[in-house]
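Subject: Handing over a structure

Dear colleague,

I am passing on to you the structure shown below, together with an account of what was found in it. Please keep the sequence and the picture open beside you while you read.

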Amino acid sequence: MPHPEFVGLVNSLQATAEAALGDLNAATASAARDGLLQEGRARQTAERSLKLLTMLADKTRGNLDFAEADLLTGAISSLRERLSDDPHHANPQGN
């Protein structure tokens, strides 16, 4: 059974990135209030969340149960796809 705090952490990082990319959800209002959705910061916020999720995957490799690993891998894959498919937020650095 996945650890509830781990699930909460992954979901929080993913929701922050999705809010920065324009998804309407509960995190959007909080992200907007904190200035994370301002032009120029939105993609940076999403990329930072992706980097944190990727680091978490690297640091926990071999220590997660199947459900936790699947949740984390799914979040990373989803955000990578969203960032690569977003023509309005092209990354000039190629990261």
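Predicted model: local features only at pLDDT ≥ 70, side-chain atom pairs only at ≥ 80, totals over all residues.

A helix here is a DSSP run of H or I with at least four residues, and the helices are numbered from the N terminus.

If you take the contacts in the chain that have a separation of 6 or more, 69% of them are between residues 24 or more positions apart.

Let us turn to α1, which covers residues 4–20. Its 17 residues should span 24 Å at 1.5 Å a residue, and this agrees with the 24 Å between its end C-alpha atoms. Its buried residues are F6, V10, L13, Q14, A15, A17, E18, A19 and A20. E5, by contrast, counts as exposed because its relative accessible area is 56%, and exposed means over 50%. The side chain of E5 is also joined to that of H3 by a polar contact of 2.8 Å. After α1 comes G22, which has a positive phi, near 105°.

Further along, the loop between α2 (26–33) and α3 holds Q38. Is Q38 to be called exposed, buried or partly exposed? Its relative accessibility is 48%, and therefore Q38 counts as partly exposed. Although Q38 and A20 are 18 residues apart in sequence, their C-alpha atoms are 8.7 Å apart in space.

At the start of α4, a side-chain oxygen of D65 comes to within 3.1 Å of the backbone nitrogen of A67. Which residues of α4 are buried? They are E68, L72, A75, I76, L79 and L83. These residues lie on the same side of α4, because they cover an arc of only 90° around the axis. The face turned away from that buried side carries the exposed residues F66, S84 and D85, while the cover over the buried residues of α4 includes α1 and α3.

This brings us to the largest nonpolar core, which has 17 residues, and in which V10, A46, L53, L72 and I76 touch the most other members. At least two residues of this core are supplied by each of α1, α3 (42–60) and α4 (66–85), and the largest share, six residues, comes from α3. As one case to follow in the picture, I76 touches L50, L53, T54 and A57, when residues up to four places away in sequence are not counted.

With best wishes

Key:
Residues numbered from 1 in each chain as written. Heavy atoms only, no water. Core = buried A, V, L, I, M, F, W, Y, C linked by side-chain atoms within 4.5 Å. Buried < 20%, exposed > 50% of the residue type's maximum accessible area, 1.4 Å probe, protein only. Contact = heavy atoms within 4.5 Å. Arc of directions from axis to C-beta. Polar contact = N/O pair within 3.5 Å; in protein donor to acceptor, adjacent residues only side chain to side chain. Expected span 1.5 Å × (residues − 1).
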